[in-house]
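Dear colleague,

I am handing over the model we spoke about, with the sequence and coordinates placed just below. My notes on what was found in it follow after that.

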Amino acid sequence: MKALTLGAFALALALPLVGHAADYAVQPAQSKLGFTSNFQGTAFDGSFAKWTAAISYDPANPATDKFDVTVDLASVHTGDKDRDGALPGADFFNTAKFPQAHFVTTGFRKNGTQVIADGNLTLRGVTKPVSLTVVFAPAGAGATLDVSGTVKRLDFGVGSGDYADTSVIGADVKINAHLVLAAK
Amino acid sequence: MSLRSDEHRWGAAAKLFHWLTALLIITAGTIGLLMGDMQPSMNKISVFALHKSIGLTVLALFALRLLWRLIDRRPRDQPEPRWQQLAAHATHGVLYLLIAAIPLSGWLFNSLHGYPLQWFKLFNVPALADKNEAAGDVALAVHETLFWTLVAVLVLHVGAALKHHLLDRDNVLRRMLPFGRLRHVPPNSASPPTVRPEGESR
């Protein structure tokens, strides 16, 4: 009995040391999952209207941090109806077969003063490692989270066949997400 | 062949502007007529890009041509009824207006629809206006109407040139042909001075 009490006490002491990242709820109305690409030498911005993200983040405990993001690819908007009509098609996202993209972190590390989230992106049936730069700023009870990184579209076969020509459609797609988080 | 025009014939520069513009207009016009029916594809994107690049080239050539016209003389009018001379000048004036207005209206349409504009993938050309699709549709209608106006005016232009060449058998077309030799006009006609272009004595 005494040993058990001691054990429980030790566990209680140890818990804050192990710690666990804070869970946050994304505030969709104020948050944005966007990207920038390039067509015929001109940058264009796009964003997804429908996506969900489970965010666990504590700058002091990177080992337990985790992002898990699911994107409804058909909800893409780029400000051009021709392009918005083409992107869900078989040559690009192929949403009929792969309606969602999924990103889940595998670990966090520091690169100088930057925080890098390493993870796997699954898009169009292909899973590849993608690293994103994370800027976390506590704000009251919640926080804001700005995430950026670059994805090579052809790694995932986005724009296949003739559309693979990167002199017309840029190879790099810059991801930029701004998340407003509320403490759970 | 002199770069400059003289009293009797167009110079090499004027001929180059004329025939290059003609070739580019025929090419851009043919592409323009066919490209709208293409299925969405990378090929369609490339064909549209080619149409736009050629159109920009026509516009740039037109600007250079105007500058050249400022310092170049033009050959004397052929002896023909005054109304024909006036009609020829009026037709040329309208052609110049259309050569400028058709690419410009296409550029405006492109801008109003928010499409990028590149010259043969080499550099980007700025938009003439902010995106406004309703106005863009008007610009497209103008672009197409001006094109068909051009076709009609070209029928007059080419028809008149052929009439001079085949019926009047004068130098109106010859003096613009890339390697054309001027015809000797019979001395008994109420004629311009006859010409012996270099090389004709062989």
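This is a predicted model: local features need pLDDT of at least 70, side-chain atom pairs count only at pLDDT 80 or more; totals for chains, interfaces and linings use all residues.

I begin with the hairpins of chain A. Strand E7 (residues 100–111) of chain A pairs with strand E8 (residues 114–123) of chain A in the antiparallel sense, over nine bridges, and A:Phe108 stands opposite A:Ala117 in E8(A). E7(A) and E8(A) form a hairpin with two residues between them, and A:Gly112, which lies in the turn, has a positive phi of about 65°. E8(A) is also joined by nine bridges to strand E9 (residues 126–139) of chain A, and these two strands run antiparallel; here the bridge partner of A:Ala117 in E9(A) is A:Leu132. E8(A) and E9(A) likewise form a hairpin with two residues between them, where A:Arg124 in the turn has a positive phi of about 55°.

Strand E4 (residues 51–57) of chain A also has two pairings to report. Strand E1 (residues 22–26) of chain A is joined to E4(A) by three bridges in an antiparallel arrangement, with A:Ser56 of E4(A) as the bridge partner of A:Asp23. E4(A) pairs with strand E5 (residues 66–72) of chain A over six bridges, again in the antiparallel sense, and A:Phe67 in E5(A) is the bridge partner of A:Ile55.

Turning to chain B, the axes of helix H2 (residues 42–71) of chain B and helix H3 (residues 82–112) of chain B come within 9 Å and cross at roughly 135°, which makes H2(B) oblique to H3(B). The crossing of H2(B) past H3(B) is left-handed. Among the residues that make this contact are B:Gly55, B:Leu59 and B:Phe62 of H2(B), and B:Ala100, B:Pro103 and B:Gly106 of H3(B). Sorted by class, the contact of H2(B) with H3(B) has eight nonpolar, three polar and one charged residues.

Finally, as to how the chains meet, twelve residues of chain A are in contact with eleven residues of chain B. On the side of chain A that touches chain B, the residues divide into four nonpolar, five polar and three charged.

Note on methods: Residues are numbered from 1 along each chain as its sequence is written. Chains are lettered from A and ligands numbered from 1 in the order in which they are written. Axes are lines fitted to C-alpha atoms, for helices over the stretch in contact, and angles run from 0 to 180 degrees between N-to-C directions. Helices (H or I, at least four residues) and strands (E, at least two) are DSSP runs, numbered from the N terminus. Angles under 35 degrees count as roughly parallel, over 145 as roughly antiparallel, 65 to 115 as roughly perpendicular and the rest as oblique. A crossing is left-handed if the near helix is turned anticlockwise from the far one by less than a right angle, and right-handed if clockwise. Two residues are in contact if their C-beta atoms, placed from the backbone, lie within 7 Å. Ala, Val, Leu, Ile, Met, Phe, Trp, Tyr, Cys and Pro count as nonpolar, Asp, Glu, Lys and Arg as charged, and the others, Gly among them, as polar. Two strands pair if DSSP finds at least two bridges between them.
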